[in-house]
Amino acid sequence: MTPADLNAELDAYLDEVTAPFPEDSAARIRADLTGHVLEAVAARDGLELREALAALGPAAEVRAALKAQFFTRADVAWLERDGQLRRLLAGGATAPAPLWQSALGCVVVVALLTWLVCGWPGLPALIGSRDFTWVVPILLTLELALLEFAQRLILRRPVRSAAVLRRVSGTLVAPLGFALSLPVFAPGVVTEPGLLAAALGSALVAAYLTRPREALTLAGKAWHGAR
């Protein structure tokens, strides 16, 4: 078999493996597999390209394994049915703000919301007559810190996975934030089981009705860092 025939065989194998994937993912896969094959040939004298390809496994099996690591064209088309997710995908990679900037923003938000709800010692509440309690700024700080941690964790994922997880988390923030904020903004609700159940139920129903079905179906794949 001539070198040209071997190159054609490698190209055919790579074409079959990368067929379901978008261009950027296909290019990455081709480069990785080509490098792996050439390294195997260089590391072992007498090993032919065909043998190196056989060691990788049948193209169908390799393609199936790669579908867990990369979003396919069909996946991307499904995700782009959601307008908000389509905008996130088009936006590309997003770097988190510097930690000091996030911390400063958290301090400012906690200070303002605490002043609004119960005031500070020597500074009465902007709305209502509730007395100051440290529970309010502590709960607000925990809530904002949790949101910031989740966003930073998400933004460390590859672009497509990050977009999916941001879309899912954006839906979950509403009911979770509502539940965590009830003790802060309406402490009386906590002592009324019926009212509390109605409030949380309404938040969950709203989240269900606005759920991003496209993102949810691929959230597991995104959580594992698919590209």
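Tutor: Eleven residues line the largest pocket, and L146, L147, A150, V173 and L176 are the ones nearest its centre. Before we go on: this is a predicted model, where local features need pLDDT of at least 70 and side-chain atom pairs count only at pLDDT 80 or more, while totals for chains, interfaces and linings use all residues. Residues are numbered from 1 along each chain as its sequence is written, and side-chain values use heavy atoms, with hydrogens and water left out.

A pocket here is an open set of points on a 1 Å grid over the protein atoms alone, where a 1.4 Å probe fits and protein lies on both sides within 12 Å along at least five of seven lines; lining residues have an atom within 4 Å of a point. The largest pocket holds about 250 Å³, counted as the space filled by probe spheres set on points joined across faces, edges and corners.

(Helices are DSSP runs of H or I, at least four residues, numbered from the N terminus.) By class, the lining has seven nonpolar, three polar and one charged residues. Nonpolar covers Ala, Val, Leu, Ile, Met, Phe, Trp, Tyr, Cys and Pro; charged is Asp, Glu, Lys and Arg; the others, Gly among them, are polar.

Now follow L147, which also lines the second largest pocket. That one has about 210 Å³ of space, and α7 and α8 each supply at least two of its lining residues. Its lining divides into seven nonpolar, three polar and two charged residues.

Those two helices also pack on each other: the axes of α7 (residues 99–117) and α8 (residues 135–155) come within 9 Å and cross at roughly 150°. Axes are lines fitted to C-alpha atoms over the stretch in contact, with angles from 0 to 180 degrees between N-to-C directions. Contact residues, meaning heavy atoms within 4.5 Å, include L99, S102, C106 and V109 of α7, and L144, E148 and R152 of α8. Each of these seven turns up in the lining of the second largest pocket too.
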